[in-house]
Amino acid sequence: MKNNYYKAAAILIALAGIDYTCFFCNAQTSTNLSPPSGFATRSDYINSFTNEDDALGAYRKGLIDRGEAMLAHFRITNLKSQDFYGKVIDQYGMPVTNADVTGNLVLENGWDTPEKFSQYKTYTDEVGLFQFTGLHGAKLGVVPNKLGYELGGHGEEYVKSVAETSSPTDRVTFIMWKLRGPEPMVHVQCDSRVPYNGASVSFDLASGKKSADGDLRITLSRYPLNIRRGRDKYDWNVKIEAVKGGLILQNDRYPNWAPEKGYQSSFEFSMSSNHVPWSGELDKEFYFYKANKQYGRLSVGLSTDSSRPDTGITIQTWLNPSGSQNLEFDPRMQIR
Amino acid sequence: MSPTEKTFFANTAYKRLWWQGYQGRFGAFHWPTMYNFPSWSSQGLNLRNYDDSESNAWASAAGLAGCLTSLDSQYPNNVYLFAHSMGNVVAGEALRQGGLNQLVNTYVACQGAVSAHGYDIYANPWENSASTPDDYASFPLTSLPYFNGVTSANACADFINVNDWALDAWKTDQTLKPNDGLTFQGYYWTTKSSAHPSGYYKIAGSNDYNLSYPGNTYEILAFCVQSESYALGAESSVNGFTMQNLQNLWPADPFQGNDYGTHPWHSAEFLFSSAEQWNWWGALLGRTGFD
């Protein structure tokens, strides 16, 4: 059985009922419960917790209510220091000076209500450094911005500090791409299907569509052929070929400049059924050049695990038809 | 969610699937979740509102299972199911009840608010100080993960965001189980004994009542058992599911720097514009979804 304190509290509530009106304003839930000795109010008691373990411990001991524990959780989350020390450099390692830096401070507002955002601004100095100090909240999102520079949108631009929290001597680094200037490019995305029995399928790199004389050839083999999707592990092999052209496998932060050399005609990727971790998905990024010396970028997403006679593939290409290695892409300049 | 919101979400889903080229039939399954909480502190008004909703979700699974059985008989091997957030409690349990009978061709779990250990004992644990046994990972009646593979779906896919805000809050809810309180009578777990054979019990009035499997399964899962794994929708790899990392489908985070970790992203496929979520709905119909 729970301790006597619980029983007393339950009886108290049964007699007095819960005051439904005053939960929010003082971040307290149980105004009809007595504050522990040493505290004038239960709010004071809840606000005395400085870490989640203490609040959880009090909850487990029956000293605070479940709602109070939740309130303590959100309150403690919003009290976190969000001091942030960063620097901004370009792809050459040079500081990006006078960049506009926005700090989006997030305050948790509960389970059913969106967070509250507060925006702060600063600028990088002459060596690319900036900081936000004195901020407290659940999170701080930081975004540098400068005309003539690109910032990745999926975290690829972000290099963490060595320690968990940044400091003046251990800064988070943002790497921006100093733009040369986008050129008109062809960009296509194509969802298609390929068999998994080892038969090759060709695609046209400029249109992304299947074409018997296409310059991209995909060959998928799977063993066994019949599998239960998502459940079975199996052997598979994918060969990706640039017919009369070449490919470079890449994982660049900003794939905006195709190398001049180093291309090879094909790449093969295999997965053994006993490989750990095993995956039936293939997602690869390449630079390519075509036989006519046009450069581009290729993204291949392939699921090997369909139980239908063929399986899904997503091909995206960005092609600069001018012959330039520049792959900076601006949708407003897309050739359609 | 209010009934109106549920209808809005369903309408949005149908329209967005249509824009993706889907021309089949569409249905939405609603169950009685709690709603209309004016602020987070209103947890104080009903200190268990999330778990009350979860309890209703478990209990609603039989209805969904019946519906899916009927649909599969009408459209054999041509029924596809996707569930959002807590909907994966309903969907997962309905499919578990299906056993070896196929109920759907493919089940896509989207940002699922249910224990990943229920499907995969090797799903990553998170650092919590669990005070209950992890019955999701090893269900006492079977010594297997609770859902033990979903055999009534031909295939399963898991749309995940490892930084999902709501599924992070879900962890807090798990931490605070068993539901205990000063202002309401709660649930408890203790070392098994003759007084409490399963270890689980609840207090009502001046009495305590023992809870046990299978009779009180839903009550135990909703109010007592702490998941020691991340939620299904926040776990990067779950055995038996084709995984789809939603961050790879989404545009750049407009709350930039927050890594898709703010509240709206949890329901982004409904709340954001069709253009912004084009890839999400394409993926649902595509190679990592219904295929």
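Is Lys293(A) buried or exposed, and how many other C-beta atoms lie within 10 Å? In this predicted model, Lys293(A) is exposed, with 8 other C-beta atoms within 10 Å; the cut-off for an exposed residue is 12 or fewer. Lys293(A) lies in the loop between E15 and strand E16 (295-303) of chain A. Its phi is near 65°, a positive value in a residue other than glycine.

Most residues other than glycine have a negative phi, and most peptide bonds are trans. Chain B also contains a residue with a positive phi: Ser85(B), not a glycine, has a phi of about 55°. Ser85(B) is placed in the loop that runs between strand E1 (80-84) and helix H3 (87-98) of chain B. Ser85(B) is buried, having 23 other C-beta atoms within 10 Å, where a count of 20 or more qualifies a residue as buried.

Cis peptide bonds were found in chain A and in chain B. In chain A, Val276(A) and Pro277(A) are joined by a cis peptide bond with an omega of about -5°. Pro277(A) belongs to the loop between strand E14 (266-271) and strand E15 (281-289) of chain A. In chain B, the bond from Lys177(B) to Pro178(B) is cis, and its omega is near -5°. The loop that holds Pro178(B) lies between helix H4 (165-175) and strand E4 (187-189) of chain B.

Helix packing was examined for H3(A). Two packed helices are described by the angle between their axes and the distance between the axes. For helix H3 (residues 52-60) and helix H4 (residues 66-78) of chain A, the axes come within 10 Å and cross at roughly 180°. H3(A) and H4(A) are therefore roughly antiparallel to each other. On the H3(A) side, the contact is made by Glu52(A), Ala55(A), Leu56(A) and Tyr59(A), which meet Arg66(A), Ala69(A), Ala72(A), His73(A) and Ile76(A) of H4(A). By class, the residues of this contact comprise 6 nonpolar, 1 polar and 2 charged.

The buried residues in H3(A) include Ala55(A), Leu56(A), Ala58(A) and Tyr59(A). These residues cover an arc of only 160° around the axis, so they are on the same side of H3(A). The buried residues of H3(A) pack against H4 of chain A together with H4 of chain B. After H3(A) comes Gly62(A), with a positive phi near 80°.

How values were computed. Residues numbered from 1 in each chain as written. Chains lettered and ligands numbered in written order. Predicted model: local features only at pLDDT ≥ 70, side-chain atom pairs only at ≥ 80, totals over all residues. Axes fitted to C-alpha atoms, helices over the stretch in contact; angles between N-to-C directions. Helix = DSSP H or I, 4+ residues; strand = E, 2+ residues; numbered from the N terminus. Parallel < 35°, antiparallel > 145°, perpendicular 65-115°, else oblique. Contact = placed C-beta atoms within 7 Å. Nonpolar A, V, L, I, M, F, W, Y, C, P; charged D, E, K, R; others polar. Arc of directions from axis to C-beta.
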